[in-house]
Structure formats: C-alpha cells, structure tokens
Amino acid sequence: MSEVTVVGLGEMGTAIAGALLEKGRNITVWNRTRAKAEGLAARDASAPSTAAEAIAVSPAVIICVTDYPASGEILSRSSLTALLQGKLVIQLSSGIPSEARQMGKFIELQGADYVDGAIFAWPRQIGTDAVILASGKPRALATARPLLDLLGEVAPIGEEIGGASALFSGALAYLAGHWIGFAHGARVCESEGLTAQLLGETLARIAPALGEDNLHMGRVVTHGRYEKPESRLRTAGNDIARLVDQAASAQLSTAFPEFATAIFRRAMEAGLGDEEHVAIAKILGPKPEIEV
Ligand code: NAP
C-alpha cells in the first residue's frame with residue numbers, strides 16, 4: 001500500500017521523494033517528464049504513467065511543482081478531481097498568500113483536507129535540517145505532521161491558510177536584497193582586487209550580529225519604536241549613496257546602489273533621517289493593526 005504520492009520531481013520534489021524512501025516509506029511518484037521518475041522507481045518507488053493513477057493509490061499527496069498555476073493545472077484535471085475526495089493534499093510549491101487561499105478553497109471543495117506548506121531549505125537539506133512552515137486546519141495539520149516530520153523541522157503557522165506563504169513571501173523579499181546585495185558587493189570587492197570569497201567569509205564572521213539585527217528590526221517594526229537608534233537612517237543612507245559613485249567609477253552597474261539610495265532618500269525627505277534604518281518601512285506601505 002502506497003502511503004503518499006509525490007507529484008513533481010524537479011530538484012525539490014526529487015529530494016522530498018528521496019528522503020521519504022530513505023526513511024522507509026512506501027511511496028508513489030509522478031512527474032510530467034517521465035524520465036525524472038526513473039531514478040526513484042529504481043529505488044522501489046511506484047511510478048505509474050498518469051497523475052490520476054499515482055494519486056488514486058495513496059491517502060496523501062505531496063505536490064511540489066514550479067508554482068500554484070502548475071499545481072492547479074495538474075489537480076484540476078477532470079480525471080483527477082473526483083480522486084481527491086477524502087485525501088490529504090500537502091502543497092509544497094512556493095507562492096503568495098492569495099494563491100494559497102484559492103488553492104485551499106479548491107481542494108476543500110473536492111472533499112479533501114489541505115495543508116499549505118513553504119520550504120525554507122535547499123533540496124540537499126530535505127530530511128536533515130530543512131525548516132517547513134505549514135498552515136492548515138488542525139485535523140489536516142495533524143494528519144500531515146508525521147509525513148512532514150520526515151522532511152524537516154515543521155513550524156505550524158496556524159489555521160489561516162495563507163500564513164505559510166505570507167512568511168515565505170516576507171523571507172523571499174529579504175533574500176532578494178541579500179542575493180542582489182551580495183552579488184553587487186562581490187563586484188565591488190573584485191574591482192579593488194579582493195575576492196568574493198573574502199566578502200563571503202567576512203559576512204559569515206558577522207552572521208550572529210546579522211541574526212540579532214533581524215530580531216531587533218522585527219521588534220522595532222512590530223512595536224513602532226523607531227526612535228533613539230544606535231545608527232541613524234541618515235548615516236546609512238549617506239553611506240549607501242557613495243556606492244553609486246563607486247559603481248560608476250569601477251564601471252559596474254549602478255542599478256542596485258541607485259535603487260537603494262532612492263529609497264533611503266525618500267525616507268530622509270519624509271523626515272525619518274534620525275530614526276532606525278528600518279523606518280524606511282514607513283514609506284513602503286501602510287501598517288495595518290495586528291494583535292501582538
Ligand atoms: P524545478 O527543478 O524547476 O522543478 C519544477 C517541477 O515542476 C518539475 O517537476 C516540472 O515538471 C514541474 N512542472 C512545472 N510546470 C508544470 C506543469 N504545468 N505541469 C506539470 N508539472 C509541471 O523546481 P524545484 O526546485 O523542484 O522547485 C519546486 C518548488 O519548490 C518551487 O515552488 C520552488 O519555489 C520550491 N522551492 C525550491 C527550493 C530549491 O532550492 N530548489 C527551495 C525552496 C522552495 P517537468 O520535469 O516535466 O518540467
């Protein structure tokens with residue numbers, strides 16, 4: 001008897017299926033491009049040729065494809081919807097909260113339980129040190145838990161189905177700055193004869209302080225306490241503005257420093273220069289009332 005069907009065998013789906021096999025689960029797999037199922041079939045996963053056959057044989061389905069539209073395309077096929085009744089669907093594709101809510105409604109309409117998850121890990125971390133956020137109704141979360149526990153450390157986010165995607169989207173916004181910032185910083189260092197590896201090592205040395213800064217920013221924004229900063233928004237804004245000149249003189253793209261400078265400048269023009277750096281949140285959107 002197959003315990004779970006994994007739909008989607010890209011980098012992440014293959015890691016998920018591999019971890020489940022390694023932990024002794026009987027699994028079924030399906031992928032649009034069939035060749036990607038062959039390695040798992042050789043490791044005793046059942047690999048039928050259609051998604052309907054794969055979904056029919058397990059009480060639970062983990063889907064991990066490119067995005068929600070791709071999941072919707074698979075799960076809304078008329079040959080498939082009736083098969084979902086009474087099953088548990090765990091969505092591990094990434095997306096935004098409105099997509100998660102829409103998917104949740106659709107799955108529940110088919111008579112299935114739904115858990116919306118978000119993976120905070122690289123594929124190689126699945127089954128060892130991945131963090132998986134999970135939103136869903138208590139019964140769905142309780143049924144999903146033994147499976148998700150095999151994949152990583154599970155952080156239940158609650159019943160609001162968009163919660164896991166909301167946190168994923170927030171973290172992705174952070175990572176976008178992190179990745180672009182690192183890449184630009186690497187070119188800055190290289191333009192002065194230093195390696196990107198040295199930049200990576202230097203940032204790793206201050207990683208604990210960066211972790212503290214995230215905790216601090218979270219508290220500051222949550223409680224709206226932007227006054228009495230150790231370092232002012234104006235100080236950082238003026239320093240960042242110098243990066244435009246550095247990039248121009250080293251013939252680097254000025255896109256990232258100009259983007260960052262413009263945001264800090266708008267915040268200073270709004271009178272926030274003496275506040276915490278993260279007071280730029282005030283010009284990025286309204287703050288709704290949230291119960292703390
Ligand atoms: P990937 O390697 O690009 O694989 C994408 C998968 O989606 C493939 O199995 C592909 O099938 C399938 N797919 C796409 N469109 C489809 C459609 N219309 N119908 C059927 N199947 C379709 O991506 P991945 O790295 O596995 O990522 C999967 C999800 O995990 C994404 O939402 C991603 O954001 C999330 N995630 C990934 C990572 C990571 O580091 N990789 C980390 C966290 C979260 P084919 O093989 O037939 O093309």
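This is a predicted model: local features need pLDDT of at least 70, side-chain atom pairs count only at pLDDT 80 or more; totals for chains, interfaces and linings use all residues.
1. Setting aside neighbours within four places in sequence, Phe264 is in contact (heavy atoms within 4.5 Å) with Leu233, Ala236, Gly237, Ile240 and Ile280. Phe264 belongs to helix H12, residues 255-269; helices (H or I, at least four residues) and strands (E, at least two) are DSSP runs numbered from the N terminus. Phe264 is buried, its relative accessible area being 10%, where buried means under 20%, exposed over 50% and partly exposed in between, with a 1.4 Å probe and protein chains only.

2. Residues are numbered from 1 along each chain as its sequence is written, and side-chain values use heavy atoms, with hydrogens and water left out.

3. Thr28 is placed in strand E2 and is buried, with a relative accessible area of 1%. Not counting residues up to four places away in sequence, Thr28 touches Ser2, Val4, Thr5, Val6, Ser46, Pro48, Ala54, Val57 and Ser58.

4. Helix H1 (residues 11-22) has 12 residues and spans 16 Å from its first C-alpha to its last, close to the expected 16 Å; the expected span is 1.5 Å times one less than the number of residues. H1 is mostly covered, nine of its 12 residues being buried. These are Met12, Gly13, Ala15, Ile16, Ala17, Gly18, Ala19, Leu20 and Leu21. The buried residues of H1 pack against strands E1 (4-7), E2 (27-30), E3 (60-63) and E5 (113-120), and against helices H2 (38-42) and H7 (138-148). After H1 comes Gly24, with a positive phi near 80 degrees.

5. Helices H8 (residues 163-191) and H9 (residues 196-205) pack at about 125 degrees, their axes 8 Å apart. Axes are lines fitted to C-alpha atoms, for helices over the stretch in contact, and angles run from 0 to 180 degrees between N-to-C directions. H8 and H9 are therefore oblique to each other; angles under 35 degrees count as roughly parallel, over 145 as roughly antiparallel, 65 to 115 as roughly perpendicular and the rest as oblique.

6. From H8, the contact with H9 draws on Phe182, Gly185, Ala186, Cys189 and Glu190, and from H9 on Ala196, Leu199, Gly200 and Leu203.
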